[in-house]
Amino acid sequence: MSEFSLELNEDQLQIQKWVHEFAETVARPAGAEWDEREETPWPIIQEAARNGLYSFDFIAQCFADPTGQLMCLVNEELSWGDAGISLSIFGSTLAVAGIYANGTPEQSAEWIPQCYGTADDVKLAAFGVSEADAGSDVSSLKSRAVYDEAKDEWVLNGTKTWITNGGIANTHVLVLSVDHTLGSRGQASFVVPEGTPGISQGQKFKKMGIRASHTAEVVLEDCRVPGRCLLGGKEKLDERLARAKEGKRTSTQAAMATFEASRPIVGAQAVGIARAAYEYSLDYAKERKQFGRAIIENQSIAFKLADMKMRTDAARLLVQRAAWMASTGKKFENGEGSMSKVFAGETAVWVTEQAIQILGGYGYVRDYPVERWHRDSKIYTIFEGTSEIQRLVISRAISGIHIK
Ligand SMILES: Cc1cc2nc3c(=O)[nH]c(=O)nc-3n(C[C@H](O)[C@H](O)[C@H](O)COP(=O)(O)OP(=O)(O)OC[C@H]3O[C@@H](n4cnc5c(N)ncnc54)[C@H](O)[C@@H]3O)c2cc1C
């Protein structure tokens, strides 16, 4: 039985330092520019690929950490540098989680390296569930996958919306309905490999925050993929559909399996933004003088900073617990994954708003980064399940009642 410890081990500390250096010297100084440009920061992704940060090997190393902490602390560090750039670097990870959670080991070995490419030929990946009429309610997907038995191909049709890296990704992992009468139990995940005809980018969205991260519609028009692109395989899908039709319990639904695995990681990104805003405003409050003294000498400012630090640390602890539970196979009995995501997301929004207040007018203008961090933070109460949906998960888990 190992002793309880929150101390990071040598490997984790070294990697944290390495990612922090990239965040401090590359991501942070570039944040404002790519926010204004609202474009994918290719040169930065390429630099991350050259130094090994954006690579299959590195992500595999992070996921292999038996404590589950590495992936979270790497995400916290990079989002501390800049959340939009961080998402453009780690956006592919959601597709990786989709393949890993739903695919066979052979499919993971084939498709996951393709999500990254190589340092000389960088690739991106996207994971798409959401549709115009199916956001929180993922059971009502309209996009369809139909099996063409003669050719052993799946024919995909429909439009996905709000997809991170949508249309610019080389590999798309998409959740579609194969039997709409079964709701979310009639869905499956498909890999659409690079160069497949019938997949294209629709509208690209102009956003409030995380503007260095590309968000767009993905349009499928008679898009044909080989049978082996169905994650988990046809046999397993047929078994699952048969069980669902008989009204029996089925294994976790395709989209949910992906989100469960990724919630603490998304929470860690929000912690990174909160920490950036806290540190920045702490320094500012010590420097800025009004009425002949540093503004931190006013209790109202000092207490704000105390609360910012306290909530950020509490959010990290929830993230660490959920990541540890997920990596050690402990079931989220009380919605612990959702707790980490909702608390960290709302903490980031709250902390960044306090940071603006501490900087006063300087907090409100684009010459300083805190207004951008506030804009960036807001997405963390919306994507990968809104705060309301996370509370639904937690309340159902603790009550055992199907709260609507
Ligand atoms: C920048 C960005 C990137 C994204 N990236 C991806 C991606 O890569 N892949 C992907 O698949 N999706 C992605 N999304 C989609 C995102 O996950 C959805 O926007 C989100 O799930 C909410 O869905 P919705 O926007 O349709 O809102 P809705 O579901 O319409 O919700 C609207 C409001 O109603 C509330 N609500 C809905 N149902 C309930 C209920 N039962 N109880 C209480 N309140 C409820 C919600 O909490 C919310 O406040 C992204 C979105 C954005 C904005």
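These are my notebook entries on a predicted model, from the whole chain down to single residues.

**Ground rules.** I number residues from 1 along each chain as its sequence is written. Because the model is predicted, I take local features at pLDDT of at least 70 and side-chain atom pairs only at pLDDT 80 or more, while totals for chains, interfaces and linings use all residues.

**Whole chain.** I started with the overall layout. I found 14 helices and 9 strands in the chain; helices (H or I, at least four residues) and strands (E, at least two) are DSSP runs, numbered from the N terminus. The radius of gyration, taken over C-alpha atoms, is 22 Å, close to the 22 Å that the globule rule gives for 404 residues, so the chain is as compact as a globular protein of that length. That rule is 2.2 Å times the number of residues to the power 0.38. Along the principal axes, the C-alpha atoms fill a box of roughly 80 × 50 × 40 Å. I then looked at burial: 49% of the 404 residues count as buried. A residue is buried if 20 or more other C-beta atoms lie within 10 Å of its own, exposed if 12 or fewer, and partly exposed in between, with C-beta atoms placed from the backbone.

**Domains.** The division I used has domain 1 (10-116), domain 2 (125-245) and domain 3 (254-399); these bounds come from an automatic or database domain assignment. I looked up domain 1 against domain 3, and their C-alpha centres lie 20 Å apart. The contact takes 24 residues from domain 1 and 24 residues from domain 3, where two residues are in contact if their C-beta atoms, placed from the backbone, lie within 7 Å. On the domain 1 side, helices H1 (10-37), H4 (69-81), H5 (83-90) and H6 (92-102) each give two or more residues. H4 gives the most, with 10 residues.

**Strand S4.** My next stop was S4 (residues 171-177), where 7 of 7 residues are buried. I checked the two faces as well, since side chains in a regular strand alternate between the two faces of the sheet. Thr 171, Val 173, Val 175 and Ser 177 are buried on one side, and His 172, Leu 174 and Leu 176 on the other. Which strands pair with S4? S1 (residues 125-128) runs parallel to S4 and is joined by 4 bridges, while S5 (residues 187-192) pairs with S4 in the antiparallel sense over 6 bridges. Strands count as paired if DSSP finds at least two bridges between them. For landmarks, I noted Ala 125 opposite Thr 171, and Leu 176 with Ala 188 as its bridge partner in S5.

**Around the ligand.** I counted a residue as near if its C-beta atom, placed from the backbone, lies within 6 Å. Of the 21 residues around the ligand, Gly 135, Ser 136, Thr 164, Thr 386 and Glu 388 come nearest. S1, S3 (153-164) and H14 each supply at least two residues of the shell. Where does the ligand lie? Domain 2 and domain 3 both give residues to the shell, so the ligand lies between them.

**Ser 387.** Last, I looked up Ser 387, which lies in helix H14 (residues 387-399). Ser 387 counts as partly exposed because 17 C-beta neighbours lie inside 10 Å. Leaving aside neighbours within four places in sequence, I found Ser 387 in contact with Val 342, Gly 345, Glu 346 and Thr 381.
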